Number of protein chains: 2
Amino acid sequence: MRDALVSAAFRLFLERGYEQTTVDDIVTLAGVGRRSFFRYFPSKEDVVFPDHERCLADMTEFLAASGDSDEPVRRVCDAARLVLRMYAENPSFSVQRYRLTKQVPGLRAYELSVVWRYERALAEYLRVRFAGRADGSLRADVIASAVVAAHNNALRSWLRSDGQGDASATVDHALGYVQSAFGGEPAAPAEPSAAADGPAGAGDAEDVVVVVSRRGAPLWRVVQEIETAFARD
Amino acid sequence: MRDALVSAAFRLFLERGYEQTTVDDIVTLAGVGRRSFFRYFPSKEDVVFPDHERCLADMTEFLAASGDSDEPVRRVCDAARLVLRMYAENPSFSVQRYRLTKQVPGLRAYELSVVWRYERALAEYLRVRFAGRADGSLRADVIASAVVAAHNNALRSWLRSDGQGDASATVDHALGYVQSAFGGEPAAPAEPSAAADGPAGAGDAEDVVVVVSRRGAPLWRVVQEIETAFARD
């Protein structure tokens, strides 16, 4: 019944436009009563995004099941992949919705509020993991926001290509950028990455320095680089 | 007249609540006609955020006036400071609005759409600056989003403290975190920072790369570090 309502709704949205379609039109085409519609969807907008509530619940559950040994940045990246999976499960539906959302300002606003809820879920998890660390809430908010932005950049590029290509690879690449910026390790845990550790880490317990310099670089720059590498906190 | 409408509106919002106040109530208290209200504000929501359009215009102008010598990450951080300045100009009004917005879901949604417009303005600027670089649009979106998240984390903490304390210092600290993660230089412009450039930049136009590695690390790891530093795109 729920699926029937979603397909009836999308058929009408594509045929006559979102604004021109009423809930009555949808229930008539689906052959059910209005009450059935509202049992599944609080409003017409909600039928456009039928899976976000489930996905938000899955994400919250996934994050709640984390252990202390889970690297936090990697964990929120994995949580973001749950959203991608939802989109990638049904490429043609996702592409249709993407086009619809671009055309209807009310749906854009709805989508912003959904994105905000995903971002808060990631940030809340990170705030707990970073509790007691300097700037814990700042880091949590910034990293959550960066993860969502990277995910959405990759998702939109996949949607713009009509759902062609490997959505997972695109998103992995985008999330890898965030992981490398914020200290999560993008590839296998064995891969060393002092330099890719971002601002944290270098200079703590490390004592071999390799300097690669362009011929002709002034000595003060080389010295300053070395100082900078050690000073990063 | 515009200011009179804003103060009448906030007096009523605080006295009877936002939902219970109509545009008619506002214009009656301000002693003007309905048409005057709508000349300044498209809707009741807009009177809650009277300065965002001007601030968005200022931000767009500021970014458009950038030169190639402006470090892009630093430039978007400076652009974000324009938003802070708007809030800090009138602490008691900003704190009142913060409390109101927390209580009214419709205003939260409005605020999300405003934040989204700031974020897009920063991202569009960065996309132009990063054009032709690998992952230019990804970097632009992620950094814009991180800047906005850092700014808002600091702004909210200042608003929660009832506008006490030094808002600028709090925001500078938060933006410094983003600059250090994404290669903007947090301190003086003269300071080079190939290593602090994060995953981006090294090997492009940088001419000094420093790799710091743990004593006892096998040679292949050190070699891999160097390769990684140069391969980063």
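Reader: Which helices of chain B do the buried residues of α8(B) pack against?

Author: In this predicted model, the helix α8(B) has several buried residues, including E111(B), Y118(B), L122(B) and R129(B). Those buried residues pack against other helices of chain B, and the elements in question are α5 (52–64), α6 (72–88), α7 (91–103) and α9 (136–160).

Reader: How far apart are the end C-alpha atoms of helix α8 of chain B, and why should one expect such a span?

Author: Helix α8 of chain B covers residues 105–129, which gives 25 residues.

Reader: What does α1(B) pack against through its buried residues?

Author: Helix α1 of chain B runs over residues 2–16, and from its first C-alpha to its last it reaches 21 Å, close to the 21 Å expected at 1.5 Å a residue. Its buried residues are L5(B), A8(B), A9(B), F10(B) and F13(B). The partners of these buried residues, again in chain B, are α2 (23–30), α3 (34–40), α4 (44–48) and α7.

Reader: Which residue follows α1(B), and what is its phi?

Author: The helix α1(B) ends at residue 16, and the residue that comes after the helix is G17(B). The phi of G17(B) is positive, near 100 degrees.

Reader: Is V178(A) buried or exposed, and why?

Author: V178(A) belongs to helix α10 of chain A, which covers residues 167–181. A residue counts as buried when 20 or more other C-beta atoms lie within 10 Å of its own. V178(A) has 28 C-beta neighbours inside 10 Å, and therefore V178(A) is buried.

Reader: Which residue of chain B is in contact with V178(A)?

Author: Once the neighbours within four places in sequence are left aside, the contacts of V178(A) include C77(A), A146(A), V147(A) and A150(A). The C-alpha atoms of V178(A) and V76(A), although 102 residues apart along the chain, are separated by 11 Å. From chain B, the residue in contact with V178(A) is V142(B).

Reader: Which residues touch the most other members of the largest nonpolar core?

Author: In soluble globular proteins, nonpolar side chains tend to be buried together. Here the largest nonpolar core holds 76 residues. One of its members, V147(B), is in contact with V76(B), C77(B), A80(B), L122(B), L175(B) and V178(B), apart from neighbours within four places in sequence. Another core, of 12 residues, lies apart from it, but within the largest core the residues that touch the most other members are V147(A) and V147(B).

Reader: How many helices and strands does chain A have?

Author: Read along the sequence, chain A follows the pattern α-α-α-α-α-α-α-α-α-α-β-α. The secondary structure of chain A therefore reads, with helices and strands taken as DSSP runs, as 11 helices and one strand.

Reader: Which element gives the largest share of the side of domain 1 of chain A that touches domain 2 of chain A?

Author: Chain A is divided into domain 1 (1–47), domain 2 (49–181) and domain 3 (201–231), and the centres of domain 1 and domain 2 of chain A, taken over C-alpha atoms, are separated by 27 Å. The contact takes eight residues from domain 1 and eight residues from domain 2 of chain A. On the side of domain 1, the elements that give two or more residues are α1 (2–16) and α4 (44–48) of chain A, and the largest share, four residues, comes from α1(A).

Conventions. Residues numbered from 1 in each chain as written. Chains lettered and ligands numbered in written order. Predicted model: local features only at pLDDT ≥ 70, side-chain atom pairs only at ≥ 80, totals over all residues. Expected span 1.5 Å × (residues − 1). Contact = placed C-beta atoms within 7 Å. Core = buried A, V, L, I, M, F, W, Y, C linked by C-beta atoms within 7 Å. Domains from an automatic or database assignment.
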